[in-house]
Amino acid sequence: MTTATTRHGDRRISPVFLGILAVTAVTGWATWTGFAGRSGIAVFLFVTSAWIVSLCLHEYAHARTALHSGDISVGAKGYLTLNPAKYTHALLSIVLPVLFVIMGGIGLPGGAVFIERHRIRGRWRHSLISAAGPLTNVLFALVCTAPFWLGALDGVPLGFRFALAFLALLQVTAAILNSLPVPGLDGYGVLEPWLSRSLRNQVEPFAPFGLLFVFALLWVPAVNGVFFDVIDSILSALGVHELETYCGLELFRFWQGEDALCSAAV
């Protein structure tokens with residue numbers, strides 16, 4: 001691979017990202033200790049900030065892989081600082097994914113960094129750049145579920161356990177949805193270098209609408225049911241029970257009032 005050189009300042013971690021990381025740590029502590037007056041508010045802030053952290057890492061993975069594949073422009077654009085404000089579509093990258101979590105309880109990925117593809121040689125490198133983001137979500141999901149499948153949950157407060165389960169659900173849904181071969185998503189980006197030029201030109205106009213198409217499709221009850229059956233099966237294999245993700249979502253939506261089953265457990 002090409003060794004790219006960027007200025008030191010282009011790689012310095014942004015104070016914005018460090019601030020989000022600090023919010024994650026503080027609200028995670030509040031969720032664990034029950035310090036917050038209402039556990040739902042702490043869970044909401046913890047899951048939201050941790051979700052934004054994962055979004056930043058997702059886009060960083062794209063940019064870092066592109067850097068070492070030949071696109072040295074990513075440094076000057078600020079993509080290596082983990083600052084979400086530097087993304088080409090801050091609305092799609094941060095705001096919409098957070099809204100999707102609130103509305104549907106799913107981790108729907110967004111578009112973000114602009115890679116100068118003409119700088120990169122080799123179809124495998126192009127595919128790897130696109131795959132780097134979803135692989136980051138897979139890694140994040142494994143970290144979130146590790147206490148479950150390692151049996152290391154003795155003494156862990158239920159509120160924190162539920163929050164971690166819901167965060168794991170978001171990562172699994174993001175990894176699967178973003179791996180779909182739909183124009184505009186990373187799954188299609190993995191395949192695109194291997195398609196004919198004529199086919200790519202035909203598909204290109206639909207790329208801006210791919211994300212919205214997937215979200216609309218998930219509102220179809222039959223599709224939604226099958227999708228979450230798959231998600232529940234994956235999480236169950238990782239030791240996360242469906243009730244735990246359900247209670248995590250219920251605590252996250254603190255404005256809807258407390259669920260009797262989950263509040264009794266907490």
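## Helix packing and aromatic pairs

Helices α3 and α12 are roughly perpendicular to each other, a label for angles of 65 to 115 degrees. Their axes come within 7 Å and cross at roughly 105°. Helix α3 covers residues 39–67, and α12 covers residues 242–252. Axes here are lines fitted to C-alpha atoms, for helices over the stretch in contact, with angles from 0 to 180 degrees between N-to-C directions. Helices are DSSP runs (H or I, at least four residues), numbered from the N terminus.

This is a predicted model: local features need pLDDT of at least 70, side-chain atom pairs count only at pLDDT 80 or more, and totals for chains, interfaces and linings use all residues. Numbering runs from 1 along each chain as its sequence is written, and side-chain values use heavy atoms, without hydrogens and water.

On the α3 side, the contact (heavy atoms within 4.5 Å) with α12 is made by Ser 39, Gly 40, Val 43, Phe 44, Val 47 and Thr 48. Helix α12 contributes Gly 248, Leu 251 and Phe 252. These residues divide into 5 nonpolar, 4 polar and no charged.

Helix α3 also packs against α7 (residues 158–178), at about 30° and with axes 10 Å apart. The crossing is right-handed, that is, the near helix is turned clockwise from the far one by less than a right angle. Residues of α3 in this contact include Val 43, Phe 46 and Trp 51. Among their partners in α7 are Phe 160, Phe 166 and Leu 170.

The whole structure holds 11 aromatic pairs. Rings of Phe, Tyr and Trp (its six-membered ring) pair if their centres lie within 6.5 Å; planes under 30 degrees apart count as stacked, over 60 as edge-to-face and the rest as tilted. Two edge-to-face pairs follow.

| Pair | Centre distance | Plane angle |
|---|---|---|
| Trp 32 and Phe 160 | 5.1 Å | 65° |
| Phe 215 and Trp 219 | 5.9 Å | 90° |

Trp 32 sits in helix α2 (residues 15–33) and Phe 160 in α7, 128 residues apart. Trp 32 is partly exposed at 41%. Phe 160 is buried at 15%. Phe 215 is buried at 13%, whereas Trp 219 is exposed at 54%.

Ring pairs also link Phe 44, Phe 166, Phe 252, Phe 254 and Trp 255 into a cluster. Phe 44 and Phe 252 belong to the contact of α3 with α12, and Phe 166 to that of α3 with α7.

Conventions:
Helices (H or I, at least four residues) and strands (E, at least two) are DSSP runs, numbered from the N terminus. Angles under 35 degrees count as roughly parallel, over 145 as roughly antiparallel, 65 to 115 as roughly perpendicular and the rest as oblique. Ala, Val, Leu, Ile, Met, Phe, Trp, Tyr, Cys and Pro count as nonpolar, Asp, Glu, Lys and Arg as charged, and the others, Gly among them, as polar. Buried means under 20% relative accessible area, exposed over 50%, partly exposed in between (1.4 Å probe, protein chains only).
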